[in-house]
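Here are my notes on the model you asked about.

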Amino acid sequence: MVAGFGLVRRSPGLAGLLVAQTVSPLGDAMATTALILHVQRTTGSAAAVGLLLFAQAIPPLAAPLAGVIADRFSPGRLLAVGWLAQAVLTGLLALLLPPLGPLLVVVFVLALVDTPLSAAVGRCIPAVVADDDLVAANALRSAVGELGAVLGPPLAGLLFAR
Amino acid sequence: MTLVAGPVAVGVLLAAAAAGLLAGLPLVRPIGRRLGVTGAIVAGFAVMATGNLLTAAAPWLMAAFAAQVLRGLAIPLADSHVTTYLQRTTPPEMLGRVLANVYGGVGVAAAVGYLLGGSVLDATSPRTAFVIVCCGGLAGAAITAVLLRRGRRQPDTGPQQRHGDGNPGRF
């Protein structure tokens, strides 16, 4: 962990990226958990929950197209626009809580927008750290992302239960 | 449940891999330096598969927990070195496409794995499912080792241009 602090101090550009890489998977995991609980509660159908997870699982099939987008645009701009679009869509979802059909469409679009963003983060890292630090920076990015994904579901469960 | 455990134990078992992942983070750099990037990738895949095999063989819950911690330890090792390998060997103008296809492939494999895993579980037992996953993981590690070795034998096309010089910059 101390080595991680040293790495961030040597490469200030990495700090913002790591914060984003913690917050974004945390939000994704919380949103998915909340949506599963919401769909289960409102429809009472396991099939509907399955459809929700399916809508999230399809967009990786668009990876070839997502890769072209990730290469064509500046990764910083792409990440800013992508994360902003996801925030707006999630905010609308929370405010409107649409019926199952439109909800599935929004969930699909959210996952679709996310597809080029991981590649954009992967493109950013070599630009902000020295080659010797590349392994450590990628490990740190992976760990903070996993941390968000692990903490998200219980946090969402706690908030949902209140 | 094969290990005669309740839902809380299932949660603890799922958390074991996450605990191993966090514990494995400080080990990534020293192991990577010793094995090299390609060696670390193959070792990471092989240890993850072994973790699954040991989970299948675990006679008690605590043994299964330890096996899943072992699996978790290897996740950052493999994950970070795969990304590093791609960043170092891919021309910058194609890196987005390569990373998106790798991450997309992992996502598709996970979705197919959930479907197949459920069917295998229904048709056999949790232990058999873990053994099948382990065999697939070890086969994946072996195929990766062969392909990486073949890639290293190919004629050098010269150093790839990095996106930046390592200094804090814009992206």
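**Notes on the two chains**

1. Let's start at a loop: Leu97(A) sits between helix H5 (75-96) and H6 of chain A. Helices (H or I, at least four residues) and strands (E, at least two) are DSSP runs, numbered from the N terminus. Phi of Leu97(A) is near 40°, a positive value in a residue other than glycine. Most residues other than glycine have a negative phi. Leu97(A) counts as exposed because it has 11 C-beta neighbours inside 10 Å. The scale here is buried for 20 or more other C-beta atoms within 10 Å of a residue's own, exposed for 12 or fewer, and partly exposed in between, with C-beta atoms placed from the backbone.

2. A word on what you are looking at: this is a predicted model, in which local features need pLDDT of at least 70 and side-chain atom pairs count only at pLDDT 80 or more, while totals for chains, interfaces and linings use all residues. Residues are numbered from 1 along each chain as its sequence is written, and chains are lettered from A and ligands numbered from 1 in the order in which they are written.

3. Chain A has seven helices and zero strands. Its C-alpha trace spans about 50 × 35 × 25 Å along the principal axes. Of the 162 residues in chain A, 43% are buried. Among its contacts with a separation of 6 or more, 80% join residues 24 or more positions apart; a contact means C-beta atoms, placed from the backbone, within 7 Å.

4. Helix H6 of chain A deserves a look. How far apart are its end C-alpha atoms? They are 42 Å apart, which agrees with the 42 Å that its 29 residues (100-128) should span at 1.5 Å a residue; the expected span is 1.5 Å times one less than the number of residues.

5. Chain B comes to five helices and zero strands. Buried residues account for 35% of its 171 residues. Residues 24 or more positions apart make up 79% of the chain B contacts with a separation of 6 or more.

6. In chain B, Gly105(B) is part of helix H4 (residues 95-123). With 12 C-beta neighbours inside 10 Å, Gly105(B) counts as exposed. Its C-alpha atom is 20 Å from that of Ala74(B), which is 31 residues away along the chain.

7. Now for the interface: 40 residues of chain A are in contact with 36 residues of chain B. Which helix of chain A gives the most to the side that touches chain B? H6(A) does, with twelve residues. By class, that side of chain A has 27 nonpolar, nine polar and four charged residues. Here Ala, Val, Leu, Ile, Met, Phe, Trp, Tyr, Cys and Pro count as nonpolar, Asp, Glu, Lys and Arg as charged, and the others, Gly among them, as polar.

8. Last, the cores. A nonpolar core is a set of buried Ala, Val, Leu, Ile, Met, Phe, Trp, Tyr and Cys residues joined through C-beta atoms within 7 Å. The largest has 62 residues, and those with the most contacts inside it are Ala120(A), Ala137(A), Leu140(A) and Ala78(B). Helix H3 (residues 61-89) of chain B gives the most to this core, with eleven residues. Apart from it lies another core of 14 residues, including Leu26(A) and Val107(A).

Technical notes. Two residues are in contact if their C-beta atoms, placed from the backbone, lie within 7 Å.
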